[in-house]
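Me: I would like to learn how to read a protein model feature by feature. Can we go through one slowly?

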Amino acid sequence: MNKPMDRPLRVGIIGGGIGGVALSRALMLRGIECHVFERAAAFGEVGAGVQMTPNGVKVLRALGLAEPLAKVGFLPQAMVGRNWRSARELFRTPLKGHCPELYGADFYHVHRADLHAILSAHLEKGGATLGVRCVSVRDDGDKSVAVFDDGTEYEADLIVGADGLRSVVRDALWGAETAKFTGHMCWRALVPVDKFPLPYVSPDSSFWMGPHGHLVTYYVNGGKSVNIVAVNESKDWVEESWNKPSSREELMAAYEGWHPNIIELFSRTENVFKWGLFDRDPMTAWSKGRITLLGDAAHPMLPFLSQGAAMAIEDGYVLAEALSKYGRDIPAALKAYEVERLPRTSRVQLEARERGRTYHLPSPWAQFKRDLAYRWREWMNPNAVGIQANWVYAYDATTCAERFGKTAPVQKPVTA
């Protein structure tokens with residue numbers, strides 16, 4: 001059906017995860033028409049935590065979500081690196097009360113379902129179709145089209161694939177690509193907190209580093225639960241799924257010999273899940289015609305810098321800004337989007353991959369040299385993030401419009 005050219009720009013979003021709903025909200029605030037298509041029958045996210053670092057919080061604030069985030073989030077005291085066996089501190093980076101001055105926003109821990117809920121609240125009045133699966137997309141020159149398993153089609157000025165690791169949109173644009181199993185498997189679990197804080201879990205973002213594995217613990221739900229993300233090297237292929245059931249016994253066996261605080265925490269887990277960590281190299285382009293990618297569909301990344309959700313939220317904001325500026329000039333908008341986002345997400349992908357090596361150093365001598373470097377950097381600058389992520393946190397996607405039409409921002413580390 002032909003539509004008058006003075007109608008609002010229309011965007012179809014394939015995937016209702018965090019990136020998809022963030023884009024939807026950013027477009028809605030700019031008066032751009034959009035519709036989200038999600039294969040699940042209901043909105044919701046798996047029971048896991050998210051480290052919402054200052055770069056992501058800046059975007060949430062610009063989306064009008066500062067107050068809802070503060071209500072559901074938890075402010076950690078510090079980011080702390082610990083030895084796997086002795087619990088000796090390897091580094092301590094202050095967070096609470098320091099991040100706004102250093103990076104322009106706070107650092108929150110939040111339950112993924114809570115984050116998704118505040119990002120998608122605007123869709124309660126419509127703008128989303130659930131329980132449909134996109135099977136293909138095509139570019140028809142003056143419009144793009146998404147085709148669904150029920151035989152329906154959706155025409156738009158732009159189709160955005162925010163459909164995750166196994167993206168149908170990505171495969172349609174660039175061909176199916178086999179993900180590479182990294183040799184890492186990951187467990188996740190939530191432990192209820194009867195009295196905060198637990199004596200064996202400090203109110204920090206704690207990185208425990210050991211031979212061939214590491215784990216991260218932090219509070220979510222306002223301190224009512226502890227989130228566990230435990231990564232261990234494995235020769236066996238593990239499914240690329242967040243929902244494969246595991247067990248308390250399997251988790252504890254993988255970390256036998258680790259500090260008693262860890263074993264005590266693991267002993268209190270009930271529902272434990274595991275998944276394999278798969279990797280893909282950074283892409284050189286995300287868009288073809290009137291179709292593009294966002295979030296994990298564009299740049300799936302390992303969780304070692306805790307940036308998967310934040311990168312998707314940044315993507316959504318920048319893409320909405322580009323569409324707002326360039327309007328119906330979709331090629332110009334997508335060029336601005338990629339120039340701004342590709343260098344940053346590519347570096348995060350590659351540096352997250354490198355952290356998977358440095359966190360898991362096998363020999364005592366290699367660990368000693370790494371830990372000495374942590375101490376040296378901390379002595380030189382007490383505000384330097386132990387995991388060397390200052391440059392990640394300092395970035396501000398909300399100023400992207402100032403850079404459109406210019407060279408991509410250089411992603412260099414900053415001193416604080």
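This is a predicted model: local features need pLDDT of at least 70, side-chain atom pairs count only at pLDDT 80 or more; totals for chains, interfaces and linings use all residues.

Me: Is Glu 177 buried or partly exposed?

Reply: Glu 177 counts as partly exposed, at 37% relative accessibility. The two residues are partners: the side chains of Arg 170 and Glu 177 meet in a salt bridge, 2.6 Å from N to O.

Me: How many salt bridges does a search of the whole structure find?

Reply: The search finds 27 salt bridges. One of them is between Glu 33 and Arg 10, where the closest N and O atoms are 3.0 Å apart. Glu 33 lies in strand β2 (residues 33-38) and Arg 10 in strand β1 (residues 10-14), so this pair ties together parts that are 23 residues apart in sequence.

Me: What salt bridge does Glu 250 form?

Reply: Glu 250 pairs with Lys 274, and the closest N and O atoms are 2.9 Å apart. This pair links distant parts of the chain, since Glu 250 is in helix α7 (residues 248-254) and Lys 274 is in strand β17 (residues 272-279), 24 residues apart. Glu 250 is partly exposed at 29% relative accessibility, while Lys 274 is buried at 13%.

Me: Which residues do salt bridges with shared partners join into one network?

Reply: The network consists of Arg 138, Asp 140, Asp 142, Lys 143 and Glu 153.

Me: Now the aromatic rings. How many aromatic pairs does a search of the whole structure find?

Reply: There are 19 aromatic pairs in the structure. To read a pair, look at the distance between the ring centres and the angle between the planes; planes over 60 degrees apart count as edge-to-face. For Phe 207 and Tyr 359 the centres are 5.9 Å apart and the planes stand at 70°, so the pair is edge-to-face.

Me: Where in the chain do Phe 207 and Tyr 359 lie?

Reply: Phe 207 belongs to strand β13 (residues 205-210), and Tyr 359 to the loop between α10 (330-358) and α11 (364-380), so the pair ties together parts that are 152 residues apart in sequence. Phe 207 is buried at 2% relative accessibility, and Tyr 359 is buried at 1%.

Me: Which residues form one aromatic cluster?

Reply: Trp 84, Trp 187, Tyr 255, Trp 258 and Phe 266 form the cluster.

Me: Which ring does the charged end of Arg 30 sit over?

Reply: The charged end of Arg 30 sits over the ring of Tyr 317, 4.7 Å from its centre. Another case is Arg 347, whose charged end sits over the ring of Trp 391 at 3.8 Å from the centre.

Me: What describes two packed helices?

Reply: The angle between their axes and the distance between the axes describe them. Helix α1 (residues 18-29) and helix α9 (residues 308-326) pack at about 30°, with axes 8 Å apart. That makes α1 roughly parallel to α9, and their crossing is right-handed.

Me: At what angle do the axes of α9 and α10 cross?

Reply: The axes of α9 and α10 cross at roughly 160° and come within 8 Å. That makes α9 roughly antiparallel to α10. The crossing of α9 and α10 is right-handed.

Me: Finally, the backbone. What are most peptide bonds, and what phi do most residues other than glycine have?

Reply: Most peptide bonds are trans, and most residues other than glycine have a negative phi. Here, a cis peptide bond joins Phe 196 and Pro 197, with omega about -10°. Pro 197 is in the loop between β12 (180-192) and β13.

Me: Which phi does Ser 306 have?

Reply: Ser 306 has a positive phi of about 55° although it is not a glycine. Ser 306 is in the loop between β18 (291-293) and α9, and is partly exposed, with a relative accessible area of 21%. Gln 388 is also not a glycine and has a positive phi of about 60°. Gln 388 is in the loop between α11 and α12 (390-394), and is partly exposed at 40%.

Definitions and conventions. Residues are numbered from 1 along each chain as its sequence is written. Side-chain values use heavy atoms; hydrogens and water are left out. A salt bridge is a side-chain nitrogen of Lys or Arg within 4 Å of a carboxyl oxygen of Asp or Glu. Helices (H or I, at least four residues) and strands (E, at least two) are DSSP runs, numbered from the N terminus. Buried means under 20% relative accessible area, exposed over 50%, partly exposed in between (1.4 Å probe, protein chains only). Rings of Phe, Tyr and Trp (its six-membered ring) pair if their centres lie within 6.5 Å; planes under 30 degrees apart count as stacked, over 60 as edge-to-face and the rest as tilted. A charge sits over a ring if NZ of Lys or CZ of Arg is within 6 Å of the ring centre and within 35 degrees of the ring normal. Axes are lines fitted to C-alpha atoms, for helices over the stretch in contact, and angles run from 0 to 180 degrees between N-to-C directions. Angles under 35 degrees count as roughly parallel, over 145 as roughly antiparallel, 65 to 115 as roughly perpendicular and the rest as oblique. A crossing is left-handed if the near helix is turned anticlockwise from the far one by less than a right angle, and right-handed if clockwise.
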